Amino acid sequence: MTERLSEQGSLALFTDVEMPLVPVLAEIERNGFLLDVEGLRALSKELERDLDQMIKAIEGLAGGEFNINSPKQLATVLFEKLGLKPIRKTKTGYSTDEDTLTQLRHSARIARADCELSEPQQTQVHLCGCVTGIGESGDQAAPYVAQSDRRGDRTALFYRSESAKYSGEGRIRITNQRSVYRTGRPHLALRRLQPDRAAHPAHLSQDPRLLAVFAKGEDIHMATAMEIFGLPSSQITRDMRRVAKTVVFGIVYGISPFGLASNIGVPQADAKKYIETFFEKFSAVRALMDRNIEEGKTKGYTTTILGRRRPIPELQSGDPVQRGFGERMAVNSLIQGSAADLIKVAMIDVNRRLCHELPHTKMILQVHDELIFEVPEKELEEAKHLVKTEMEATGKKLGLSVPLKVDLGTGHNWRVAHP
DNA sequence: GAACTCACG
DNA sequence: ACGTACGTGAGTTCT
């Protein structure tokens with residue numbers, strides 16, 4: 001199918017990996033996974049109680065009942081009834097998102113209370129299942145299943161599979177921090193590709209500094225922090241590492257000094273400096289981005305590492321704003337789409353070997369850059385070895401200039417297993 | 001169904 | 001002067 005489309009000069013929206021991926025996805029759906037229903041129910045109750053209390057407190061400060069889930073009503077309370085100063089507007093009124101509330105919290109108790117409310121409310125037990133097929137719109141990654149919430153101490157995790165939805169037999173498995181070790185339960189193992197998917201940008205850009213970092217197996221965010229701040233590793237704080245991480249991600253999304261500043265909470269001038277320094281130190285990354293954008297403008301689409309195309313008509317727009325969007329989309333598609341290519345190849349290869357060698361080990365989830373398996377306790381060591389070997393081989397197979405590394409976590413629930 | 005807000009990567 | 005980080009799915013409210 002791919003070939004015919006290509007021959008027609010049409011768009012190769014799919015690469016050769018998508019078709020062989022389909023049976024793997026089908027198997028994941030069939031496998032389903034277990035869910036600690038009782039644990040989640042208990043957690044849900046507890047959160048509901050806390051939520052109730054917080055709402056009461058907020059309504060006390062507001063001087064009356066209102067629906068805090070309604071941005072419109074919240075805006076009325078904050079900006080009209082209480083006379084707070086709006087931070088920014090949305091299409092239809094004043095924004096009441098988390099960022100706004102955070103800014104308001106310094107001047108108003110109600111905003112403070114409302115900020116605190118965000119946490120438990122969003123960790124309510126809502127079982128978000130989001131198994132989709134392969135990107136129906138043809139653009140890049142197409143997540144298969146993913147949604148969890150790792151904020152706060154009481155993080156609950158929500159995973160659901162399509163098959164479980166239909167089987168109605170509780171073949172869903174979960175994981176929250178309350179589920180205790182239970183013998184006889186399948187072991188859960190996670191594998192995570194190169195931290196933060198920065199390996200293929202290094203490969204694609206051939207940036208000497210980035211390549212060196214990966215060749216030595218160093219911590220990518222530590223390395224960029226050292227370059228950005230011009231300090232030795234001994235002087236890099238956790239916070240600096242975090243900032244560096246945001247800078248790197250922001251850059252591949254086409255962030256502006258304005259955006260970076262508001263994201264990490266530093267003056268715009270500092271943000272500008274971080275971005276500039278990054279491009280000075282890793283100039284090949286800039287060149288890669290420029291190349292990608294130029295190519296996109298000429299061809300009307302961008303291409304991932306395996307040749308998956310995404311049309312971006314905005315690149316040819318006369319409107320500078322539209323063009324800017326197009327440019328960010330182009331760069332982002334290259335990076336995210338290539339990461340998706342890698343994980344798909346890994347899924348196919350790992351699954352093939354599991355079928356033959358360890359049929360009791362089941363792939364149960366893919367979460368962008370990680371794969372999750374249920375493994376019988378007695379074959380855990382074998383499974384770990386197989387998955388690690390096979391995933392790391394993916395990089396070599398695709399000719400990446402940097403060795404791919406995977407992190408591992410194991411445990412009887414997601415929280416414990418997650419690195 | 002649009003708009004907003006949130007979660008994850 | 002302008003807007004200002006990509007892309008995915010989901011829940012809730014309101015039109």
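**Notebook: a predicted model, chain A**

I started with confidence: chain A has a mean pLDDT of 74, and 71% of its residues reach 70 or more. pLDDT is the predictor's confidence in each residue, from 0 to 100. This is a predicted model, where local features need pLDDT of at least 70, side-chain atom pairs count only at pLDDT 80 or more, and totals for chains, interfaces and linings use all residues. Residues are numbered from 1 along each chain as its sequence is written, chains are lettered from A and ligands numbered from 1 in the order in which they are written, and side-chain values use heavy atoms, with hydrogens and water left out.

Helices here are DSSP runs (H or I, at least four residues), numbered from the N terminus. I also noted that pLDDT is below 50 over residues 117-184, a stretch with 178 contacts beyond near neighbours in sequence. Contact means heavy atoms within 4.5 Å.

Then I checked a helix pair. The axes of helix 10 (residues 220-229) and helix 11 (residues 238-252) come within 8 Å and cross at roughly 95 degrees. Axes are lines fitted to C-alpha atoms, for helices over the stretch in contact, with angles from 0 to 180 degrees between N-to-C directions. That makes helix 10 roughly perpendicular to helix 11 (65 to 115 degrees). Residues in the contact include Phe229 of helix 10 and Phe249 of helix 11.

Last, I found Gln206 in the loop between helix 8 (199-205) and helix 9 (208-215). Gln206 has a positive phi of about 55 degrees, though it is not a glycine.

Definitions and conventions: Helix = DSSP H or I, 4+ residues; strand = E, 2+ residues; numbered from the N terminus. Parallel < 35°, antiparallel > 145°, perpendicular 65-115°, else oblique.
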